[in-house]
Amino acid sequence: MTLTPEPRDLQVEVLERIDRLDQSLNHRIQGLEQNIQGLEQNIQDLEHNIQGIEHKLDADIKRLDERTDKWEERFLQLSKDNLAISRTVIIAAATVVIFGSVLDKAEVLVEGFSRLVGK
């Protein structure tokens with residue numbers, strides 16, 4: 001013969017199981033809430049770190065731009081200086097070539113002029 005539990009005993013057992021489940025759920029919910037708080041703190045820390053990295057990156061970019069500007073200015077000044085030197089050398093060389101050919105002929109001209117004057 002099988003004994004069937006009394007309805008009252010069954011209700012007590014079901015209520016005890018529900019209480020245990022409720023306690024277990026509450027415990028897990030508290031653990032999840034703690035995990036969420038920890039994650040929120042981690043997110044805030046990461047946001048703070050990202051902001052620090054952004055500021056450092058902005059400063060590095062600004063410093064690089066300043067260096068680049070200085071090098072651009074130096075390069076332009078060097079180009080201007082080279083242009084001035086090149087003009088001077090080209091003008092001097094052209095003058096030597098032109099006057100050199102004229103001076104070569106000047107000897108002949110002076111000699112011819114002196115013959116004309118001497119007669």
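The following is a dialogue about a predicted model of one chain.

Biologist: What should I know about the model before we start?

Modeller: The model is predicted, so local features need pLDDT of at least 70 and side-chain atom pairs pLDDT 80 or more, while totals for chains, interfaces and linings use all residues. Residues are numbered from 1 along each chain as its sequence is written, and side-chain values use heavy atoms, with hydrogens and water left out.

Biologist: How many helices and strands does the chain have?

Modeller: One helix and zero strands. Helices are DSSP runs of H or I with at least four residues; strands are runs of E with at least two; numbering starts from the N terminus. Helix α1 covers residues 7-118.

Biologist: What share of the residues is buried?

Modeller: Of the 119 residues, 0% count as buried. Buried means under 20% relative accessible area, exposed over 50%, and partly exposed in between (1.4 Å probe, protein chains only). The accessible surface of the chain is about 11800 Å², and 62% of that belongs to carbon and sulfur atoms.

Biologist: Why is Ile-18 called partly exposed?

Modeller: Ile-18 has 45% relative accessibility, so it counts as partly exposed. Ile-18 sits in helix α1. Together with Leu-10, Val-14 and Leu-15, Ile-18 makes a nonpolar surface patch of about 350 Å².

Biologist: What makes a patch?

Modeller: Its residues have over 30% relative accessible area and no salt bridge. Like charges are joined within 9 Å, and nonpolar side chains (Val, Leu, Ile, Met, Phe, Trp, Tyr) within 5 Å.

Biologist: Which residues gather in the patch of negative charge?

Modeller: Asp-65, Glu-66, Asp-69, Glu-72 and Glu-73. Glu-72 lies in helix α1. At 44% relative accessibility, Glu-72 is therefore partly exposed.

Biologist: What makes the contact of Glu-13 and Arg-17 a salt bridge?

Modeller: The rule asks for a side-chain nitrogen of Lys or Arg within 4 Å of a carboxyl oxygen of Asp or Glu. Glu-13 and Arg-17 have 3.2 Å from N to O, so the pair is a salt bridge. Both residues lie in helix α1, four residues apart, about one turn of the helix. Glu-13 is partly exposed because its relative accessible area is 38%. Arg-17 is partly exposed too, with 48%.

Biologist: How many salt bridges does the rule give?

Modeller: The count comes to four. Asp-60 and Lys-56 form one of them, with the closest N and O atoms 3.5 Å apart. About one helical turn separates Asp-60 and Lys-56, because they are four residues apart in helix α1.

Conventions:
Accessible areas come from the Shrake-Rupley method with a 1.4 Å probe; for residues, only the protein chains shown count as cover. Lys and Arg count as positive and Asp and Glu as negative; His and the chain ends are not counted. The place of a charge is taken as NZ of Lys, CZ of Arg, CG of Asp or CD of Glu.
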